[in-house]
Amino acid sequence: MTGAEWSAERLAGLHDQLAASDADAIPVESAVTGETYAQLPAATETDVDDAVDRARTAAAEWRERPITDRVAVLDRVVDRVLAERESTTSLVQRETGKSRRDAVEEVFDVAVTAGYYADAAPAILADERRQGAIPGAVRADVHHDPVGVVGLIAPWNYPLTLVVSDALPALVAGNAVVCKPAEETTHVAAYARKLLVEAGVPPDLFQLVSGRGPEVGPPLIERVDYVAFTGSTAAGREVAALAGENLVPVSMELGGKNPLLVLDDADPETAAAGAVRSCFANAGQLCITTERLFVDEAVYEPFRDAFVDAVEDLQLGFDYDWHAEMGPLLSEAQFEKTREHVADARERGATVLTGGEPRPDLGPYFYEPTVLADVPTDATAYGQETFGPVVALYPVSDTDEAVARANDTDYGLHGAIWTGDEERGRAVARRVDTGTVSINEGYAVSWGSVDAPMGGRGDSGIGRRHGPEGLLRFTDAQAVATSGPVPLSPRGLPDRLWAAGLSTVARLLRKVPRWIR
Ligand code: NAD
């Protein structure tokens, strides 16, 4: 595998997938070498306007198609994406610098998510009968209508997954999607759109407007019917505020400062091996990777030693094969942030157990996987998301302290727990204030359980992706209630008798089991 198939010429050939008329607007830099390897066109406000108009027209036709048709398209997406696994994986690597192992996970994620919604969507979207005002006398039907045009704003760290896996439920629900991918990784989105269109998604139904967030984001947000945003908490606040002005609903998948708890009954070596992937997948540039490790004193020393050894064994580098385990940071900005967090922690008294240095011999944005101890509470890395290969290790006296410190943050995205007793792990998980918790695994069991909702609490977000929740967010419920033969307010009945009758009905209803009503 060389990645040579993604020449500058071939990348430029993907630009016809973009609704963007300002040619060569944005230089795209390699995470591996720092060199500019492509120029990206940007969408103007007129491009955004046209894209949303076309999407609205396409959505009107698409929503009328039977769900079986829409689901069949998702089935074909599974086949198409898996058939293109190798070249898609190489393109993800080309644009992000991530290891092949990290890149291929995105392809599987899209296939699994498409397959899940192909199976589950018909039942989730089906019309429902609910209890009417007077059971038996009033009928209530609920319909899950598509919202219309969904504006999807995506980050660079998982550029295939976070564009396609969020677009698919929106599409199967009967919507159109206009997506603004991250400017660093737009070619991945463009290639994905090509595959989706080949699988049968109508071209106007899924469109891409490329460009910088603060320029293309606002005109998009102002025109769509729903905003699904994934990115930093800071940008999320701006996006949510603008959507709020237009009363447009949002889902916000934001940052985290994720804790991993190693309980006193955990096997320290097993926990250490699992924690390595949990902390350093995609060089720590994964929203649900661990940045804080709370380890019970009973197992702290053996855990620390095994963990540091395993981190030192990580193969740092880049190749289009399966050797490199951890690649560079995406960009100078990510690299500088990582360097500053480590320098600041050091200055304030933290100990570097391993790593803590850039690796210019490999490329300008490579940084060693870094384990810190004794990080004081006033260090930036104590509370703020680094989004790089840096984790802080804290010994704790018991599980109560581990839980209290894990929850001592404004974020609430993901937690992980290592324990020898799964039952105990599930009980402790209920005390960890995050949207998802993985037990005896870093994050993949939570992310991969696509039938279960996933998302953040507090500053980590609003709403959920995955599961029925991740589909129904793209719908707008309509309830239709039909009066039966006995009217709610029979004509000619004096108000006093009407009130007394309703009181009797209300009392009787409490006696009838809910399943009969
Ligand atoms: P970012 O917020 O800088 O950018 C995300 C997207 O928003 C990009 O497409 C960007 O162009 C756009 N954008 C930026 N400012 C905007 C604005 N004012 N208006 C409209 N759009 C705007 O984030 P990033 O650096 O690309 O991604 C890293 C962050 O994303 C981290 O904080 C990470 O934790 C978070 N993230 C969260 C999840 C999750 O599911 N919770 C998943 C992946 C990444």
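Predicted model: local features only at pLDDT ≥ 70, side-chain atom pairs only at ≥ 80, totals over all residues.

Visitor: At what angle do helix α10 and helix α11 pack, and how far apart are their axes?

Guide: Two packed helices are described by the angle between their axes and the distance between the axes. Axes are lines fitted to C-alpha atoms, for helices over the stretch in contact, with angles from 0 to 180 degrees between N-to-C directions. Helices (H or I, at least four residues) and strands (E, at least two) are DSSP runs, numbered from the N terminus. Here α10 (residues 268-280) and α11 (residues 297-312) pack at about 50 degrees, their axes being 8 Å apart. That makes α10 oblique to α11; angles under 35 degrees count as roughly parallel, over 145 as roughly antiparallel, 65 to 115 as roughly perpendicular and the rest as oblique.

Visitor: Which residues make this contact?

Guide: Contact means heavy atoms within 4.5 Å. Among the residues involved are Ala272, Val276 and Phe280 of α10, and Phe303, Phe307 and Val311 of α11. By class, this contact of α10 with α11 has 14 nonpolar, no polar and 1 charged residues. Ala, Val, Leu, Ile, Met, Phe, Trp, Tyr, Cys and Pro count as nonpolar, Asp, Glu, Lys and Arg as charged, and the others, Gly among them, as polar.

Visitor: How are α4 and α7 oriented, parallel or antiparallel?

Guide: Helix α4 (residues 85-96) and helix α7 (residues 186-198) pack at about 160 degrees, with axes 8 Å apart. The two are therefore roughly antiparallel. Ser87, Thr88, Leu91, Val92 and Glu95 in α4 meet Thr186, His187, Val188, Tyr191 and Leu195 in α7. This contact of α4 with α7 has 5 nonpolar, 4 polar and 1 charged residues.

Visitor: Which residues of α8 are buried?

Guide: Buried means under 20% relative accessible area, exposed over 50%, and partly exposed in between (1.4 Å probe, protein chains only). In α8, Val216, Gly217, Pro219, Leu220 and Ile221 are buried. Their cover includes α2, β5 (149-153), β6 (176-180), β8 (226-230) and α9 (233-245). Helix α2 (residues 45-62) packs on α8 (residues 213-223) at about 30 degrees, with the axes 9 Å apart.

Visitor: Is Glu106 buried or exposed?

Guide: Glu106, found in helix α5 (residues 100-125), counts as buried because its relative accessibility is 0%. The side chain of Glu106 reaches the backbone nitrogen of Thr161 at 2.9 Å. Beyond four places away in sequence, Glu106 touches Val92, Lys98, Asn157, Tyr158, Pro159, Leu160 and Thr161.

Visitor: What is phi at Asn282, and what is phi at His466?

Guide: Most residues other than glycine have a negative phi. Asn282 has a positive phi of about 50 degrees although it is not a glycine; Asn282 lies in the loop between α10 and β11 (290-296) and is buried, with a relative accessible area of 4%. Phi of His466 is near 70 degrees, a positive value in a residue other than glycine. His466 lies in the loop between β17 (461-462) and α17 (467-472), and His466 is buried, with a relative accessible area of 4%.

Definitions and conventions:
Residues numbered from 1 in each chain as written. Heavy atoms only, no water. Polar contact = N/O pair within 3.5 Å; in protein donor to acceptor, adjacent residues only side chain to side chain.
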